[in-house]
Amino acid sequence: MIRVRDSLSRKLTIMNLMVSGVALVLASLAFFAYDLITFRNNLRTSTSIQAQIIGENSISPLIFNDPDSAQKTLSALHTSPHIVYGAIYTANGTFFAGYWRQDQPKHPYALPAQALGSQESSRFAKGQFEHTHAIYFQGKLVGIVYIRSDLSALHDRLRSYGIILILILSASLLAALAVSRVSQRRVSQPILRLAETAQQVSREKDFNLRAPEAGDSDEVGALVQSFNEMLLEIQKRDSELQEREQQFRTLADSIPQMAWMAEPSGDLFWYNHRWFEYTGTTPEQMKGWGWQTVQDPERLPQVLAQWRISLATGEPFQMVFPLRAGDGSYRDFLTLALPVRDARGEIVRWFGTNTDITEQRRAEEALRRTEKLAATGRLAASIAHEINNPLEAVTNLVYLAKKQPHNLEKFLQLAEHELDRIAQITRNTLGFYRDSASSAAVDVSEVLQEVARLYERKLQFKRVTLAPEYGSDLTILAYPGELRQIFANLIANAIEALPDRGCLRIRASKTRSWRNGPQPGVRVTFLDNGSGIPPEIRKRIFEPFFTTKKDVGTGLGLWLTANLVEKHKGLLSIRSSIRPERTWTAVSVFLPFQPPEQ
Amino acid sequence: MLLAAADAQISKPEEFQVKAAYLYNFGKFISWPGSKSGTSFPICVLGRDPFGSALDTTIAGDSIDDKKLVVKRISSTHEADDCRILFVSSSEATALKEILLSVQKLPVATVSDIPGFVNQGGMIEFVLRENRVKFKVNLAAARQSGLALSSQLLKVAVEVRDTQGKQE
């Protein structure tokens, strides 16, 4: 809170008083000085006139030697109380007649030296004013008038001026104080009220308050208005913010996921309702790091470690882990958390969601099983098909052996050969489903040859040319059964797509993938010159239940293939061209040498 | 040079020296009618001259209204026509009445130290007061002769008469 230490109104008052005080003192001093000069000039002028009059009236007394008459003339000086001495001297400077103010000793003063030989002289000396005036009659000097005046009048005047000045000054300052009290109210009052309101607003955080309008259209009025507009704006934003907050909470509570927010330090400070509904906890229990209590204790260290990494690096958090429900059961949740950053890029909070993926996982599992069954069915059909041919041949050979006993040896040999083939097929088929549980070193080219052999008849039937190009040292660590399933699916798809007399190239080679850093592995590419896949289909081709062969397919083949490739940490990609006359499709599978431990 | 010391005992020669100066100075405070012309300013002494050389010395080289001052010693009022100031010596005291009568119509300022001069129709009469030379003035007599006496002069006179004939 801001405290007002020195009131604005006090400042204004002091300023007003200082201004008027200084102005008054300066004016008085100027007046003083002017009066002093005027007084001296007046004294000089009036004394000069008096001396002239006395001089004029002293001519005949001087000429006819009548000091009494001269003294009578001089006695008129008593009307000027500041004149202490007035005298007439003869032309040679001898005292002739004199006048003394009553308080003065009656002795003649010597004529000042400058009086002789000058028409008129005057000077201020020793607090007195001296004036001499030469009396001429018909061109001849007949005498000199000498007047001395004290400056008590001046002093009196100065004293009374001083008193008047003090009186005026105090009266004026009092008046100025009163006027300023009233007038500054017009300036300071709105500001004071504004300051008061501002303090109240900052103290009570109540943005409904308004500073009283000053009514003036000056800067203060504008300030008050702007301040009120700002308050209104803040209020508006406040309510907008509240509305948004409300919207956000409504949204957060309406989504099926659980949602939460955390401080940059990792303390969780908010959860949506669903969290409490699911976990059966209270907000108090969940404060800060309370969420650990609903974790699976076995997975908790892993979760904590990854959460701390995200907090430290600002990397989005993504992890699947189980959370305990209110009834004690666990369900799997995909947890995603993103940092929310401010304008400077600093993380201000984390926003996270937990999505229940238990059902999804179950559904996926079911799908996988379904497709496995379908694939088994398809395989059973193709095996039956494969076996049927040699069986027919054996049946025929047995029949021929009966009919032509002389060729028995030859027929039996042929039948044996056919039976070998059947045995071979049976072995392969058994291998298909036997060894999926654990990974083993598998030669990719061998698996490919085995699978291709399964489709030999289909290829012959469609008169498709198979062009294999297998490199050497293609042994990887993998689940052989799943590898067979991957290749079988891809070859079956290619054969489906190929026209009569088409060509299927299968290329397998050692390579490196750069997707996640350099990684050695094997790439197998199935290139057919079939009809190609349009882009809109290519986009959805890995979705479950997506199929273009509604009657025969489940739409799970490629989805499962992608699943299996992913299990091997491999990559599956499809490129295709549908340019007329140059249609082709290339399905590429990358499998790393070292599959993950799982 | 024109003034005597205020309190000094005045002697006869000194007294006439002062009177000579006064005679000369009277000329400065009196105005004559326009008919009075001439290029000089004669101060006449009727009868026995009591001044000796004092009057001549006083006026020597001086002039009033650009008119040269001259001393004219006369024995009869017949010679007084062009006089500006006429000093009647005490030697003429017995014939004073006739003298004044004969110059009554002339624009001449009459001065004398004969006691009672102003009472008998003279204009200015020298008197001694406290050992000082002072004078009395008969304003009416001056007016009758067409002369004007300056107020300055009247101010320093010990007595100013403004009536014809006897003293009040």
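Chain A and chain B meet through 11 residues of chain A and 13 residues of chain B; two residues count as in contact if their C-beta atoms, placed from the backbone, lie within 7 Å. On the side of chain A that touches chain B, α2 (59-63) and α3 (67-75) of chain A each supply at least two residues. α2(A) gives the most, with 4 residues. That side of chain A holds 5 nonpolar, 5 polar and 1 charged residues. Here Ala, Val, Leu, Ile, Met, Phe, Trp, Tyr, Cys and Pro are nonpolar, Asp, Glu, Lys and Arg are charged, and the others, Gly among them, are polar. Helices (H or I, at least four residues) and strands (E, at least two) are DSSP runs, numbered from the N terminus.

This is a predicted model, in which local features need pLDDT of at least 70, side-chain atom pairs count only at pLDDT 80 or more, and totals for chains, interfaces and linings use all residues. Residues are numbered from 1 along each chain as its sequence is written, while chains are lettered from A and ligands numbered from 1 in the order in which they are written.

Now the sheet of chain B. Its 8 strands run in the order β3-β4-β2-β5-β6-β7-β8-β10, forming an open sheet with mixed pairing. Strands pair if DSSP finds at least two bridges between them. β3 (63-64) and β10 (159-161) of chain B are the edges; each has a single partner strand, so one side of each lacks a neighbour in the sheet. Inside chain B, β6 (109-112) and β7 (124-129) pair in the parallel sense over 2 bridges. B:Val111 has B:Ile124 as its bridge partner in β7(B).

Helix α3 (96-103) of chain B packs on the sheet and touches β2, β5 and β6 of chain B. Its direction makes about 170° with that of β5(B). Axes are lines fitted to C-alpha atoms, for helices over the stretch in contact, and angles run from 0 to 180 degrees between N-to-C directions.
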